[in-house]
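Me: Hey, I've just opened this one and I'm new to it. Can you walk me through it?
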2 protein chains.
Amino acid sequence: MDNFVFRNPTEILFGKGMIAEIASRVPTGGPVLFVYGGGSIKHNGVYDQVRAALKAHNLIEFGGIEPNPDYETCLKAVDVVKKARVQFVLAVGGGSVLDGSKFIAAAACFTEGNPWDILRTHGSNVAAALPLGTVLTLPATGSEANGFAVISRRATSEKLAFSSNHVFPVFSALDPQTTFSLPAKQVRNGIVDAFVHVTEQYITCQAAAPLQDRLSESVLQTLIEVGPQTLAAPKDYQARASLMWSATLALSALLGCGVPQDWTTHMIGHELTAFYGLDHAETLAIVLSGVWTHQLRRKREKLMQYGRRVWSVDTAESAIAKTEDFFHSLSMPTRLRDYGIAADDAVGKVRARFAERGATLGEHNDITPDAVAEILHSRA
Amino acid sequence: MDNFVFRNPTEILFGKGMIAEIASRVPTGGPVLFVYGGGSIKHNGVYDQVRAALKAHNLIEFGGIEPNPDYETCLKAVDVVKKARVQFVLAVGGGSVLDGSKFIAAAACFTEGNPWDILRTHGSNVAAALPLGTVLTLPATGSEANGFAVISRRATSEKLAFSSNHVFPVFSALDPQTTFSLPAKQVRNGIVDAFVHVTEQYITCQAAAPLQDRLSESVLQTLIEVGPQTLAAPKDYQARASLMWSATLALSALLGCGVPQDWTTHMIGHELTAFYGLDHAETLAIVLSGVWTHQLRRKREKLMQYGRRVWSVDTAESAIAKTEDFFHSLSMPTRLRDYGIAADDAVGKVRARFAERGATLGEHNDITPDAVAEILHSRA
């Protein structure tokens, strides 16, 4: 186990009717930016619950945050924040709304030049942010209890992540009932997203961290158990609740304490979204087994452990096959061709992007642009 | 899964040499009360590391916190705090030093009458506390990352717990190397203490919380794996590190989110310490299987799950036997007679104590003083 620093100060308000609990936690001293997405919260009752809880607050609405939140849209919100002297940001929606709101909260306090620098430096220059609370309606990204966010810039086909302790939500309200009306595709995406968040922290070289291994396996086993239940019975509260809590813990920084982390699948996946507009989880499902197969020599021991403990199979190859089967069972495609993307085209674009950045990936930080090309080729 | 609120703001500084990291986290604006116990930190290098890290700080030492920290001793520290206008409490040692320091931090800010009321009301009247940091040297209680503390009053043979969000440590430094020199008995006690912290949150009625179940099983499995390793090879850093992190997570409030909790074993155990002076973990090892056997009808399903997943046995009875065997393998006795305590004497004293308080115990809150008597009788 390596040295680590762990801190996660977010207060989780979990369960039926818990949105009402935000009333006492959102400060009344100044305007609150109420950020949301495409408006689904107006149909599923969440908008009304938030309005009812915050009757006494001065809410300024900012709707229209896109899936893969757009840099330009977020900058418009930053203008509103500055003009109205907003004191608190309330993000209501899924991971994209939360990520966009984190960027808004940080950019509003960013005084060292162009806000794009926050992303270019992956957040290392964020010195402050407005306080932020969230009401989560889509279990997937874990953004409700971490300091990470991913922002897209459509003008340049870029998608970059940043992290900062300053953008941990002060609170996050998670009512599983708000997820009953989600389209099956979004549920499927959320299951895969949470699943791959765990594997990026777990399917690495062995690291003498048996507790962290078991915690990761616990989340994976639970996703495998309750994910299909939520798809089969959308109003099964208990399954929804376990899915929601699993997705939160999948990326709350706990699982990665003191262990190597990979994130290659995410880094390649972000480029596929940037170039082709695929959903985030769709890209992860394409790339994951490509990375594992390419890194089989180094990951074999952990893949075998994963296979034994999670899937009751004996080989790394079987563990990879079981994972693909699981994704397929959720109606999640795992090949570039399933989206009509020519592998050669993807390989060319993505390799060039990593080459241009001089970036290497993986827990050993030695997956080169050529290796990325091989991985993508294998996912034709 | 029930509704829950979860927040754990403690920053964990984990690993080799991490005590140095407290330097930037302890405020320099006023005197710091440096609390420790019997002086072992002066022999194992921890005292020197703390002094070296805090050269620039105004430290006021308060040593002599006992195992099962004494109320009267803590009150003396509160006097020091008030006279010197202490601004921060730094607890350096094991769970007793940390618990005592939490009480000192709360009592120093307590203005509503007698500080014993903090314990009598289990902390519900704590409205503020001095900020507190810890350097942990003994993995066991989880006090380094929770808002709980237990204080003893020898004059009246009382041992009471309190909890408050105000006494979560701001930071806790955990260097597994500081545990290399612990006596085997303290290591054994720590393993059992952490183990029973988990079971109090896990061996209950079923609660449709598969993730929480698996997280609890993860900690138990890891304690079973690394506990004996640390006893066999005291300087095995990796085993020590996993034991330390397991003990922290065993009672960081995460495992108990949204599930029923029992705590009968602790409540009875506290009385055995109060009346007979046994170590906390020794009392838990005596009482645990008595509670499980007495509550077998209600806990059978969970005990069978625990047996299957943790011990690979099929019955609740076998799971209980395996647990006893595990304690014995750590040289931990599990009977009152092992300490020369007559069961009749213990039954009389402890039943009277619960009857006097009108207290019932357990996840159904219906374990009466008579049931406590039956449980203790079975542990003769």
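This is a predicted model: local features need pLDDT of at least 70, side-chain atom pairs count only at pLDDT 80 or more; totals for chains, interfaces and linings use all residues.

Me: Which residue is the bridge partner of B:Gly93 in β5(B)?
Reply: B:Leu136 is the bridge partner of B:Gly93.

Me: What lies across β4 and β5 of chain B?
Reply: Helix α3 (residues 95-107) of chain B does, and β2 (32-35) of chain B is also under that helix's span. The helix runs at about 165° to β4(B).

Me: OK, zooming out: what's the strand order in the open sheet?
Reply: The sheet has twelve strands, with mixed pairing, in the order β3(A)-β2(A)-β4(A)-β5(A)-β8(A)-β1(A)-β1(B)-β8(B)-β5(B)-β4(B)-β2(B)-β3(B).

Me: Which strands stand at the edges?
Reply: β3 (59-62) of chain A and β3 (59-62) of chain B. Each has a single partner strand, so one side of each is left without a neighbour in the sheet. From one strand to the next, the twist averages 20°.

Me: And how do β1(A) and β1(B) pair, parallel or antiparallel?
Reply: Antiparallel, over seven bridges, with strand β1 of chain B covering residues 4-14. As one example from that pairing, A:Leu13 stands opposite B:Val5 in β1(B).

Me: How many residues of chain A are in contact with chain B?
Reply: 34 residues of chain A are in contact with 34 residues of chain B. On the chain A side, the elements that give two or more residues are β1 (4-14), α6 (210-232) and α7 (237-250). By class, that side has 18 nonpolar, ten polar and six charged residues.

Me: Why do you say the copies meet through the same surface?
Reply: Because 100% of the interface residues of chain A are also interface residues in chain B.

Me: What rotation superposes chain A on chain B?
Reply: A rotation of 180°, with 0.0 Å of shift along its axis, and the RMSD is 0.0 Å. The two copies are thus related as by a two-fold rotation axis.

Me: Which residue of chain A comes closest to the rotation axis?
Reply: A:Pro9, with its C-alpha at 2.1 Å.

Me: Switching to helices. At what angle do α10 and α11 of chain B pack?
Reply: Helix α10 (residues 296-311) and helix α11 (residues 316-329) of chain B pack at an angle of about 65°, and their axes are 7 Å apart. The crossing of α10(B) and α11(B) is left-handed.

Me: Which residues make that contact?
Reply: From α10(B), they include B:Leu296, B:Leu303, B:Met304 and B:Trp311. From α11(B), B:Ala316, B:Ile320 and B:Lys322 are among them. By class, the contact of α10(B) with α11(B) has eight nonpolar, two polar and two charged residues.

Me: What about β6 and β7 of chain B, parallel or antiparallel?
Reply: Strand β6 (residues 148-153) and strand β7 (residues 158-163) of chain B pair in the antiparallel sense over six bridges. B:Val150 has B:Ala161 in β7(B) as its bridge partner.

Me: Which residue takes a positive phi in that hairpin?
Reply: B:Ser157, with a phi near 50°. The hairpin of β6(B) and β7(B) has four residues between the strands.

Me: Last one: what are the confidence scores?
Reply: Chain A averages a pLDDT of 97, and 100% of the residues score at least 70. The model scores ipTM 0.97 and pTM 0.97.

Terms used. Residues are numbered from 1 along each chain as its sequence is written. Chains are lettered from A and ligands numbered from 1 in the order in which they are written. pLDDT is the predictor's confidence in each residue, from 0 to 100. Copies are superposed by least squares on the C-alpha atoms of residues with pLDDT of at least 70 in both. Two residues are in contact if their C-beta atoms, placed from the backbone, lie within 7 Å. Two strands pair if DSSP finds at least two bridges between them. Axes are lines fitted to C-alpha atoms, for helices over the stretch in contact, and angles run from 0 to 180 degrees between N-to-C directions. A crossing is left-handed if the near helix is turned anticlockwise from the far one by less than a right angle, and right-handed if clockwise. Ala, Val, Leu, Ile, Met, Phe, Trp, Tyr, Cys and Pro count as nonpolar, Asp, Glu, Lys and Arg as charged, and the others, Gly among them, as polar.
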